[in-house]
Amino acid sequence: LVPFAGWSLPLHYGQGHLQSHLHTRRRCSLFDVSHMPPHPLRYRRRGGTWVYGRDRVRFMESLVVGDIAELKPGQGTLTLLTNERGGIVDDLIVTNASEDRLYVVSNASCADKDLAIMRGRAAELQATGSDIHLEVSDNALLALQGSPSMARVLQAGLSDDLAKLSFMNSITTTVFGVPSCRVTRCGYTGEDGVEISVPAGRAVELAERLLGIPEVWPAGLAARDSLRLEAGLCLYGNDIDETTTPAEAGLMWTLGKRRRAAMDFPGAAIIMAQVKEKPKRKPAPVAGEGAGATGPRSPPHIPMSLGTVTSGCPSPSLGKNIAMGYVEAAHSRAGTALTVEVRKKQHPALVTKMPFVPTQYYMAK
């Protein structure tokens, strides 16, 4: 167990990090991603807030860069909560849960500050007559991840047809006898997977039911970190933070066309000016046979010849070391040779392309 955001979280289980990582890629694993009280299970990722009221879309778009108005019922999107300097306060998933509410999911380490920002903004708009109401969810969250086993395993416990559920879409259904679960086809591994929001009082029951299936293994924080890095997914606090803008982080794809034109989100003038002038630094995925590894979740900022590494680890899938960081824009092209300093030793590395391992996200036909 290791400390994270005030909780003790499982780094790995009995089978170890390497085998757990590879099992997720080849079959499927269960991650406990709950963090908010009074959950019987604790892990990493997401705490949820419901947003109600006729002005819920306008409220949400006053905080984030995404086009929330275009979301269809059941559809979600990754978006960024930004500050007036254009910095990334958090990366969120916002889902159009139904005709009368949105569901907003935060990083565990950012949940308190995100909720404070949302409550403050809601109060401002309510004072001018806007119809907005926030409600914090106390559900637990389980993530079942892995291609192709996940779909087969989960389908056995669903009455709904999982083949009709596309990436970043969700349904409310019964899962292995547990009613009122929200199943969202998404995850943090790059594999086909789901996150299951489950009533807290039945979370252990559902977890034990899933882990009773032989091909489902429990997976911890170490595998979650190496899987997300192979998939080219950012870790908040390491790869992005309040000093990083979407333009610098290569995340401008999260900005809808309408939002770019309207420039009505926090920090819009700074972010769009960077796009026009080109950022001075850019993301640099690097790989090298000789580069030493950093520890899961707590990589030091390792100096590169022209920038900084923000995350790094050995890649179990590729058998070499990989890292994510930032370099001067002129040296960010794939194939550029860099020197990475690890434990005061110099190692050759090359800028490569993201993701390191191809993703397996499911798109319904």
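Strand S3 (28-32), strand S9 (140-145), strand S13 (216-218) and helix H6 are among the elements that cover the buried residues of helix H1. Buried means under 20% relative accessible area, exposed means over 50%, and partly exposed lies in between, using a 1.4 Å probe and protein chains only. Helices (H or I, at least four residues) and strands (E, at least two) are DSSP runs, numbered from the N terminus.

This is a predicted model, where local features need pLDDT of at least 70 and side-chain atom pairs count only at pLDDT 80 or more, while totals for chains, interfaces and linings use all residues. Residues are numbered from 1 along each chain as its sequence is written, and side-chain values use heavy atoms, with hydrogens and water left out.

**Helix H1 and helix H6**

- H1 covers residues 17-26 and H6 covers residues 221-230.
- The buried residues of H1 are Ser-20, His-21, Leu-22, His-23, Thr-24 and Arg-25.
- The axes of H1 and H6 come within 9 Å and cross at roughly 50 degrees.
- That angle makes H1 oblique to H6.
- Angles under 35 degrees count as roughly parallel, over 145 as roughly antiparallel, 65 to 115 as roughly perpendicular, and the rest as oblique.
- Axes are lines fitted to C-alpha atoms, for helices over the stretch in contact, and angles run from 0 to 180 degrees between N-to-C directions.
- The H1 and H6 crossing is right-handed.
- On the H1 side, the contact involves His-17, Ser-20, His-21, Thr-24 and Arg-25.
- On the H6 side, Ala-222, Ala-223, Ser-226, Leu-227 and Glu-230 take part.
- Contact means heavy atoms within 4.5 Å.
- The residues of this contact divide into three nonpolar, five polar and two charged.
- Ala, Val, Leu, Ile, Met, Phe, Trp, Tyr, Cys and Pro count as nonpolar, Asp, Glu, Lys and Arg as charged, and the others, Gly among them, as polar.
- An α-helix has 3.6 residues a turn, so residues three or four places apart point the same way.

**Cysteines**

- A disulfide is a pair of cysteine sulfur atoms within 2.5 Å.
- By this rule, the count is zero disulfides.
- Cys-186 is in no disulfide, and its nearest cysteine sulfur, that of Cys-181, is 14 Å away.
- Cys-186 is buried, with a relative accessible area of 4%.
- For Cys-313, the closest cysteine sulfur is in Cys-234, at 14 Å, which is too far for a bond.
- Cys-313 is buried too, with a relative accessible area of 6%.

**Cis peptide bonds**

- Ser-147 and Pro-148 are joined by a cis peptide bond, with omega about -5 degrees.
- Pro-148 sits in the loop between S9 and helix H4 (149-155).
- Pro-148 is exposed, at a relative accessible area of 59%.
- Glu-191 is 43 residues from Pro-148 in sequence, and their C-alpha atoms are 8.6 Å apart.
- Met-354 to Pro-355 is also a cis peptide bond, with omega near -5 degrees.
- Pro-355 lies in the segment after strand S19 (345-351).

**Positive phi angles**

- Phe-176 is not a glycine, yet it has a positive phi of about 50 degrees.
- Phe-176 belongs to the loop between strand S10 (170-175) and strand S11 (178-184).
- Phe-176 is buried, with a relative accessible area of 14%.
- Ser-180, another residue other than glycine, has a positive phi near 60 degrees.
- Ser-180 is in strand S11.

**Residues in strands**

- Ala-349 is part of strand S19 and is buried, with a relative accessible area of 7%.
- Leaving aside neighbours within four places in sequence, Ala-349 is in contact with Val-286, Ala-287, Gly-288, Thr-336, Ala-337, Leu-338 and Val-340.
- Ala-349 and Phe-176 are 173 residues apart along the chain, with 47 Å between their C-alpha atoms.
- Lys-320 is in strand S17 (residues 320-328) and is partly exposed, with a relative accessible area of 29%.
- The C-alpha atoms of Lys-320 and Ala-287 are 7.2 Å apart, across 33 residues of chain.
- Ile-93 is in strand S6 (residues 88-98) and is buried, with a relative accessible area of 10%.
- Ile-93 and Met-168 are 75 residues apart along the chain, and their C-alpha atoms are separated by 9.0 Å.

How values were computed: A crossing is left-handed if the near helix is turned anticlockwise from the far one by less than a right angle, and right-handed if clockwise.
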